[in-house]
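Biologist: I would like to learn how to read a protein model. Please take me through it feature by feature.

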Amino acid sequence: MKLRKGAANGLDLATTAYVNAELYTGYELIRGGGFIAAGDGAIVSVGSPSLIESELAKADRIIDLDGKIVLPGFVDVHVHGGGGYDLLRGEPEDYRGAARFHASHGTTAMLATTGGAPERTTLGILLHALQAQTDRTYDGADYIGVHLEGPFLNPVRKGAFDESLLHPPDQGEIERYIEASGGTIRLITVAPELAGGEPFVKWLTAQGIRVSIGHSNATYEQALQAIEWGACHTTHHFNGMSPFHHRDPGVAGAGMTQTSLTTELIADGIHVHPAAVRFLFDLKGTWNVCVITDAVFQAGLPDGDYGETVVSEGKIYMKGTETLAGSSATMLHSLRRVLDYTGRTLGNVLPSFTIVPAREAGADKRKGSLSAGLDADFLILDDQLTLLETYVRGHRVYKKEK
């Protein structure tokens with residue numbers, strides 16, 4: 001790496017040019033491309049070698065990436081924890097630790113995701129999540145809002161949730177959650193077939209909150225009704241929903257056939273068969289698949305007994321059952337799996353990990369691509385897709401040890 005002397009006010013505030021990269025912006029591949037990041041962490045310009053060369057005078061320092069791969073940072077809209085840190089505990093160190101863990105696997109922005117829990121517990125989680133979003137001392141991924149997964153879910157499709165904590169929509173309750181979150185709930189999973197589903201989905205949509213159909217036993221027809229009310233997303237598609245049948249397509253069929261629904265996908269090869277991963281990409285296209293981890297605190301931990309759950313060969317089960325209880329996946333692991341399962345190119349599938357989830361989180365004006373005006377959230381990888389460095393808002397938050 002070639003460095004030019006930093007600005008008088010220090011390297012942390014220097015404008016930096018990153019050049020000579022195999023640069024994937026999220027929209028295109030620029031060989032030998034580069035970009036310039038201002039001291040405030042925003043991208044000033046991005047483009048071809050000739051364009052960047054003409055603007056190098058703006059930079060206080062130049063970093064030559066020597067042909068390494070640069071990607072936009074991954075955005076995860078469904079994550080409960082990782083690396084031993086549990087967002088459902090709601091402690092500040094859990095948020096810090098999970099942010100560091102996922103940054104070390106390529107995630108630069110994420111929605112802190114709740115689960116079915118008593119209201120008091122959920123209110124506490126939302127308060128901590130709000131603090132995490134405003135704390136700029138984090139040395140990991142940015143928290144860009146909340147995904148409320150529960151409690152307005154159908155017990156028939158409860159998955160690993162405690163059935164006693166699930167119930168039909170309650171507008172008073174959701175208003176308390178919105179207040180506690182400081183208005184940062186971006187996505188909410190709802191079973192729209194439950195009593196009160198219609199006015200609830202319509203009201204949430206009017207508030208600008210994206211409604212996801214999930215943990216739902218809705219029929220295909222009920223799912224189409226929910227789309228008319230405003231639902232635009234599905235939660236961990238194929239999992240926790242009425243399955244596809246040729247005479248009863250269910251929520252799974254609605255997600256596959258309706259272009260207005262963006263489908264989440266856990267692409268670990270465990271929750272969804274590799275053939276189904278390929279099928280969903282072929283059917284929906286990159287711009288309608290939103291890859292997630294659904295990672296829980298056991299992600300990154302060894303196999304073993306973790307109280308109510310057991311981890312075996314990377315699979316996390318409720319103890320004594322075959323019910324999956326979240327995922328041990330990371331976004332980088334999932335990227336490698338999708339490339340393997342689909343046979344598609346890196347540039348083709350990348351939006352499902354970056355631009356699409358940023359859009360679903362309402363953060364695509366800040367995150368998701370390497371574009372002028374957006375945050376300088378990016379990854380540096382070698383040609384084997386080994387992660388070397390992670391940057392959030394222009395600051396390095398992870399570097400691979402030699």
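Modeller: Start with the surface. Accessible areas come from the Shrake-Rupley method with a 1.4 Å probe, and for residues only the protein chains shown count as cover. Here the protein chain has an accessible surface of about 16000 Å², and carbon and sulfur atoms hold 50% of that. This is a predicted model: local features need pLDDT of at least 70, side-chain atom pairs count only at pLDDT 80 or more, and totals for chains, interfaces and linings use all residues. Residues are numbered from 1 along each chain as its sequence is written, and side-chain values use heavy atoms, with hydrogens and water left out.

Biologist: What radius of gyration does the protein chain have?

Modeller: The radius of gyration is taken over C-alpha atoms, and the globule rule is 2.2 Å times the number of residues to the power 0.38. For 402 residues a compact globule would have a value near 21 Å, and the protein chain agrees, with 21 Å. Its C-alpha atoms fill a box of roughly 65 × 45 × 40 Å along the principal axes.

Biologist: How many helices and strands does the secondary structure have?

Modeller: Both are DSSP runs numbered from the N terminus: helices are H or I with at least four residues, strands are E with at least two. This chain has eleven helices and 21 strands.

Biologist: What share of the residues is buried?

Modeller: Buried means under 20% relative accessible area, exposed over 50%, and partly exposed in between, using a 1.4 Å probe and protein chains only. In the protein chain, 55% of the 402 residues are buried. S212, in strand 12 (residues 210–213), counts as buried because its relative accessibility is 0%.

Biologist: Which residues does S212 touch?

Modeller: Contact means heavy atoms within 4.5 Å. Setting aside residues up to four places away in sequence, S212 touches L187, I188, T189, V190, H233, T234 and T235.

Biologist: Which residues have the most contacts inside the largest nonpolar core?

Modeller: A nonpolar core is a set of buried Ala, Val, Leu, Ile, Met, Phe, Trp, Tyr and Cys residues joined through side-chain atoms within 4.5 Å. The largest has 45 residues, and Y95, Y143, I174, I188 and L204 have the most contacts inside it. Helix 6 (residues 220–229) gives the largest share of this core, five residues. A second, separate core has 27 residues, among them I69, F74, V291 and L385.

Biologist: Where is F161 placed?

Modeller: F161 is in the loop between strand 10 (142–149) and helix 4 (171–180). With a relative accessible area of 15%, F161 is buried.
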